[in-house]
Amino acid sequence: MIAALNAGWNRVFAVLGRVSMYRLALLCLGLLAAIALLLSAADLAGPTPVEILATAAVLVVVCGVVDAASQRLLHLPWRVESSLITAGVLLFILRPGIGPVALAGVAIAAAVASASKYLLAWRGRHVFNPAAVGATVLTLISSITGLYELGGSSWWIGSPLFGPIVLLLGVALVWRTEKLRVIALFWVVAIVVGIVAVGVQYAQQGVAMDAWTLLVQQLWSSPVLFLGAFVLSEPLTLPPRRWQQLIVAAVVGVLVGWAPLFGTFPVGLGQERAVLVGNLLAFAFAVRAAVRLVFEARTQLTPTVRELRFRASRGFTFAAGQFLELDVPHRHPDARGTRREFSIVSAPEDLPGVRIAFRDGGGPQSSFKKALAAVAPGDALAVTGVWGDFVLPRQSSAPLLLVAAGIGVTPFVSQLRHLALVGQQRDIVLVYVASQAAELAFRADLEQAGVRVIVFTRDEPVDLAENWFWARGARLDAETLRRAVPDIAARHAYASGPAGLLADLAPTLQQARSLTTDAFSGY
């Protein structure tokens with residue numbers, strides 16, 4: 001039963017992994033819009049079909065025009081997906097309308113939201129969520145001027161009819177972005193605090209409400225689900241480390257849930273205020289996360305592994321084991337878009353030099369790989385953020401097991417190189433899996449680290465270092481891993497590689513004192 005569930009999750013993860021997080025967000029928003037139109041046509045949703053269509057059309061046009069103009073002015077390629085996602089989120093936040101004044105208000109929100117990506121940005125990352133900024137400005141204008149016909153935020157997506165659909169699509173999206181635990185914490189905090197806040201309000205009015213009714217109300221009749229999955233989860237407004245993301249999620253959850261008692265100052269603001277406060281906190285955590293890298297050279301390490309070397313143009317910090325998101329703009333991007341995540345191969349001590357690597361099997365290339373292959377020395381590429389908690393424990397006495405498959409060795413190269421450069425000795429066993437001996441990349445870096453390495457390849461590698469051991473062609477599975485590392489129960493395990501292999505090794509890996517995984521789906 002467990003094996004079947006693991007296989008099922010692996011298939012789902014593989015399918016989601018073929019689509020970029022941005023493209024998946026756009027697909028989910030498009031599906032929500034289509035469902036909204038159907039419900040509206042059946043007179044089950046608040047806005048009419050004409051209001052939804054008119055509002056969506058204005059949002060798409062204005063967001064597209066402002067984004068295109070801004071990026072042309074800044075000599076950047078137009079990212080149509082970014083424009084459409086902003087429009088899609090605003091569609092469910094703003095109050096749809098059909099009159100000229102209402103559509104003018106929609107246009108104002110769209111223009112402000114798109115402009116904020118460039119005016120309220122720092123080193124390639126947004127300071128605030130664009131949709132939240134647009135909705136906030138429109139709501140303030142309406143309240144201050146008294147022109148309420150301009151509209152404002154309504155979060156009409158918070159409805160029992162949309163709730164289950166938003167939950168399903170939201171879970172798929174945050175699973176793909178590996179933010180499920182973060183957004184789940186927000187959902188729990190916001191709902192629990194919301195139940196308490198509304199219960200207090202009813203009690204003050206002398207009205208008794210049972211907890212179950214309050215739970216249903218907070219879960220299905222509030223925008224909490226949509227806000228978490230499609231607004232709070234935006235990568236460019238999240239901090240890099242999971243503990244930081246959890247703090248932001250909890251703070252925003254409290255503000256959203258307690259809004260009825262906090263009031264809506266500034267006038268008319270509730271959900272947006274919470275998002276903007278969370279964005280500020282996230283920005284404080286990640287103010288130095290986004291930089292530009294200048295490309296220097298590429299090296300073919302093995303028949304299928306290429307290394308790229310860059311130089312950071314300004315301040316850049318990361319922890320050994322983290323990954324960066326690299327943006328390579330190009331025409332006609334495939335379903336995964338123009339951004340990819342790469343584990344950082346170099347150590348923090350190597351800065352300003354930065355190395356990444358990827359696998360190129362020689363088959364059909366993605367549009368991203370083709371664009372990356374065309375990058376010339378001296379070209380600058382944007383790193384839109386550094387994330388990840390795939391970092392070794394600070395306690396140096398903790399014995400470790402590192403399991404790497406293929407290109408999954410890259411975060412371990414960074415970690416082991418860091419330990420070697422700072423002169424820190426640790427009890428570490430590295431299990432390195434490759435299809436053949438010629439595919440063992442970064443041997444020099446790993447040998448310099450001086451740790452014990454057990455190599456699983458079909459053919460025997462030549463010139464192995466003294467502390468390297470060949471598994472004699474054995475296939476790595478749960479049983480062979482247990483035999484290779486008999487003291488696994490005393491070690492903290494870290495595993496990086498294809499999701500399928502990690503699932504196969506799970507019965508043994510789960511015997512470790514702790515387990516941290518870093519699955520990937522390719523480029």
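**A cavity, a buried strand and an open sheet**

The lining of the second largest cavity comprises seven nonpolar residues, four polar ones and no charged ones. Here Ala, Val, Leu, Ile, Met, Phe, Trp, Tyr, Cys and Pro count as nonpolar, Asp, Glu, Lys and Arg as charged, and the others, Gly among them, as polar. Before we go on, please note that this is a predicted model, in which local features need pLDDT of at least 70 and side-chain atom pairs count only at pLDDT 80 or more, while totals for chains, interfaces and linings use all residues. Residues are numbered from 1 along each chain as its sequence is written, and side-chain values use heavy atoms, with hydrogens and water left out.

Let us stay with the cavities. The structure holds two of 30 Å³ or more, where a cavity is a set of points on a 1 Å grid over the protein atoms alone at which a 1.4 Å probe fits but cannot get out, and lining residues have an atom within 4 Å of a point. A volume is the space filled by probe spheres set on the points, with grid points joined across faces, edges and corners.

Now turn to strand 11 (residues 452-456). Four of its five residues are buried, so strand 11 is largely enclosed by the rest of the structure; buried means under 20% relative accessible area with a 1.4 Å probe, protein chains only. Strand 10 (residues 428-433) pairs with strand 11 in the parallel sense over five bridges, and two strands pair if DSSP finds at least two bridges between them. Val-433 stands opposite Phe-456 in strand 11.

Finally, look for the open sheet of six strands, ordered 6-5-8-3-4-7 with antiparallel pairing. Strand 6 (339-343) and strand 7 (353-359) are its edges, each pairing on one side only. Within the sheet, strand 3 (residues 291-300) and strand 4 (residues 305-312) run antiparallel over seven bridges, and Val-294 has Arg-311 as its bridge partner in strand 4.

Note on methods. 1 Å grid on protein atoms, 1.4 Å probe; cavity = no way out; pocket = protein on both sides within 12 Å on 5 of 7 lines; lining within 4 Å. Buried < 20%, exposed > 50% of the residue type's maximum accessible area, 1.4 Å probe, protein only. Helix = DSSP H or I, 4+ residues; strand = E, 2+ residues; numbered from the N terminus.
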